[in-house]
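Good morning. I will take you through one model, starting with one chain and then moving to the other. Please keep the picture in view while I talk.

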Amino acid sequence: MTNGDTPKAVSRRTFIKGVIAGSAAVASANYLFRASTFLGQQPQQPGSSTRVHHQKLQAKG
Amino acid sequence: MEIEERCNTIEEGYEFMLAYAAQGLPSDEGSRSGGEVREFLNRMVNALNGLAESYETAVWNEGLEPPEKYQAFLDVLDRDARDSLAAIELVLVQPAISSQLVDNLNASIHLRALLTDLFLVDELLKTQSQAADLVAIPFGCERLTHSGGRTA
């Protein structure tokens, strides 16, 4: 009979736990990365350029 | 089905699905692993049906204390098993099972919760057994029969 403590079973569980925990870490990293990218791209948001330009014109007036 | 077999089937199935997801297959037809994916998923369905009940019987037969704490966690296990079953059966009724579909199944929080439940309860059972019985016969997922008795 196989035993749950055999190296194969243990390594498989370690592997699966790594997949589960690893992807969670990657997902968190992606979330942070996307947040900073989003902030960096703020001037390119739809309408943002127009708004900035419009504000400049108003300031001149 | 014995608890040992249930655990192995679920873990093997998940391991296979990880590999299947990485192959980029558009469908389960026309490839060797594609032919196997439904087989693995069906085995997982069989292993999930009655999983919590098997553990309940084992905990009861082993007289693990305090029983109410075990029961509370086995209720969690039961819910996660049912949720996982729903996700797997949904995939099984699809006409084509792509790698992308399986990748999303692998990412399902329900399957992941189930697997981590199994790892936890298996470790607990082994620890309890070793504490209660100085005869070092590790059990848990691998050493419990369906009726809860030891097979060693």
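Of the 61 residues in chain A, buried residues make up 3%. Chain A has two helices and zero strands.

Before going on, a word on confidence. What you see is a predicted model. For the complex, the predictor gives an ipTM of 0.76 and a pTM of 0.71. Chain B has a mean pLDDT of 86, and 86% of its residues reach 70 or more. One stretch to treat separately is residues 142-152 of chain B, where the pLDDT is below 50. In the model, that stretch still has 33 contacts beyond near neighbours in sequence.

Now to the helices of chain B. At what angle do the axes of α3 and α4 of chain B cross? Helix α3 covers residues 51-62 and helix α4 covers residues 67-92; their axes cross at roughly 165 degrees and come within 8 Å. The cut-off for calling a pair roughly antiparallel is an angle over 145 degrees, so α3(B) is roughly antiparallel to α4(B). As for handedness, the crossing of α3(B) past α4(B) is right-handed.

Which residues make this contact? From α3(B) they are B:L51, B:A52, B:Y55, B:E56 and B:V59. From α4(B) they are B:P67, B:Y70, B:L74, B:L77, B:D78 and B:A81. Sorted by class, the contact of α3(B) with α4(B) has nine nonpolar residues, two charged ones and no polar ones.

Next, the loop between these helices. B:P66 lies in the loop between α3 and α4 of chain B. The peptide bond joining B:E65 and B:P66 is cis, with omega at about -15 degrees.

Is B:M44 buried or exposed? There are 26 other C-beta atoms within 10 Å of B:M44. A residue needs 20 or more to count as buried, so B:M44 is buried.

What does B:M44 touch, leaving out residues up to four places away in sequence? The list is B:T9, B:I10, B:G13 and B:I88. B:M44 and B:Y14 are 30 residues apart in sequence, and their C-alpha atoms are 8.8 Å apart in space.

That is the end of my tour.

How values were computed
Residues are numbered from 1 along each chain as its sequence is written. Chains are lettered from A and ligands numbered from 1 in the order in which they are written. This is a predicted model: local features need pLDDT of at least 70, side-chain atom pairs count only at pLDDT 80 or more; totals for chains, interfaces and linings use all residues. Axes are lines fitted to C-alpha atoms, for helices over the stretch in contact, and angles run from 0 to 180 degrees between N-to-C directions. Helices (H or I, at least four residues) and strands (E, at least two) are DSSP runs, numbered from the N terminus. Angles under 35 degrees count as roughly parallel, over 145 as roughly antiparallel, 65 to 115 as roughly perpendicular and the rest as oblique. A crossing is left-handed if the near helix is turned anticlockwise from the far one by less than a right angle, and right-handed if clockwise. Two residues are in contact if their C-beta atoms, placed from the backbone, lie within 7 Å. Ala, Val, Leu, Ile, Met, Phe, Trp, Tyr, Cys and Pro count as nonpolar, Asp, Glu, Lys and Arg as charged, and the others, Gly among them, as polar. pLDDT is the predictor's confidence in each residue, from 0 to 100. A residue is buried if 20 or more other C-beta atoms lie within 10 Å of its own, exposed if 12 or fewer, and partly exposed in between; C-beta atoms are placed from the backbone.
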